[in-house]
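Keep the sequence and the 3D view side by side.

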Amino acid sequence: MIDDCFVQKTTVNLSNVRACLDRSVAFTERLGLETYDPFDIKSTELAVWSYKKKNHWRKAVRSALYGLELFFPIGIRKFMNIPKKESSGGTARWAQANMALYQLTSEDRFLKRARELLQRLVENPGTSKAGMGWGVPFVWQAYFETVPTNTAVSHTSQSCGNALLDYHDLTGEQWAFEAAEKCADFFVKGLNQTVRPSGAVALSYTHLDTSQVINASAEAAAFLHRCGRPSDQPLVWKVARFLCETQNADGSWYYSAPGSVEGSNPIDSYHTGMNLNGLLVLASNPECLAALESGLKFHMDNHFEED
């Protein structure tokens, strides 16, 4: 009934939609792959300095810096001379957009562009101790350490890996799946594993840390399950157990496993969504399905306005 009402009240001029689409593609290609990154502010000397010692003064400076970035995202970057750079995660998402455009239009130029972008990723991986992963093109300050330029990180790597799987699913081209398997090796062999008393496993964010970031583990488990290698599935379900056992009674999750990090450990909509996306892929498991339903209820009740 909802769909029927929507169709009855909505009229779409397809020629206008296509014209808008073409303008958007032209605009994006004209801008190029180099752009600002949401986390490049963390690469500045001021941000890195603010994390070096824990005191109220440095925390205040960091809060002010991030506040300015929130309200003046372009201006603060120009003022601090932060350069635009190509982001692996952005390249992967532009490849996925081109695949979606190909499916909508059947125009080979979009598929060709997706292939070019993904091959660019395969030829330029980040630094990891095993497999193939991707990072960000600048030094950045995580709460656990300073992360060197192009160090492979969990979140960016699963974005690139899923784009490769999308392309393989669409075209059947084996090189894309082989690259995705190398990405799976990064998660299985290139990240550190924290084994919890229950036997559940948390995967680190990079090969340099032993953090227990819940959303990163959720995305990693979902990617490995989607990749489908039988040898990876025992790890998938150990990581899934970590995701389920760190869920709070009300359906929420903290950013990191409770007790694994000092200081702020927020509950927010963005990372809750990552957890839910991971559970959606893993929902064939009854425990994951129950966690998905509980998490979705918390998400809808707490992270959205009435309208």
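Start in helix α13 (residues 286-302), where aspartate 301 and lysine 297 both lie, four residues apart, about one turn of the helix. Helices here are DSSP runs of H or I with at least four residues, strands are runs of E with at least two, and both are numbered from the N terminus. Aspartate 301 and lysine 297 form a salt bridge, with their closest N and O atoms 2.8 Å apart. The term salt bridge means a side-chain nitrogen of Lys or Arg within 4 Å of a carboxyl oxygen of Asp or Glu. Lysine 297 is exposed at 55% relative accessibility. Exposed means over 50% relative accessible area, buried under 20%, and partly exposed in between (1.4 Å probe, protein chains only).

A word on the source. This is a predicted model, in which local features need pLDDT of at least 70 and side-chain atom pairs count only at pLDDT 80 or more, while totals for chains, interfaces and linings use all residues. Residues are numbered from 1 along each chain as its sequence is written, and side-chain values use heavy atoms, with hydrogens and water left out.

How many salt bridges does the rule give? The count is 16. One of them joins aspartate 22 and arginine 109, at 3.8 Å from N to O. Aspartate 22 sits in helix α2 (residues 14-31) and arginine 109 in helix α7 (residues 108-123), so the pair ties together parts 87 residues apart in sequence. Both are partly exposed: aspartate 22 at 31%, arginine 109 at 45%. Shared partners link Arg18, Asp22, Glu107 and Arg109 into one salt-bridge network.

Next, arginine 226 meets aspartate 166 in a salt bridge of 2.5 Å, N to O. Arginine 226 belongs to helix α10 and aspartate 166 to helix α8 (residues 154-171), so this pair ties together parts 60 residues apart in sequence.

Now turn to aspartate 209, in the loop between β6 (201-203) and α10 (214-227). Aspartate 209 is buried yet has no salt bridge. Which side chain of opposite charge is nearest? It is lysine 129, 10 Å away. Here Lys and Arg count as positive, Asp and Glu as negative; His and the chain ends are not counted.

What does the side chain of aspartate 209 meet instead? Threonine 206 joins it through a side-chain polar contact of 2.7 Å. A polar contact is a pair of N or O atoms within 3.5 Å; within protein, one must be able to donate a hydrogen and the other to accept it, and residues adjacent in sequence count only if both atoms are side-chain atoms. The backbone nitrogen of tyrosine 205 lies 3.2 Å from a polar atom of the aspartate 209 side chain.
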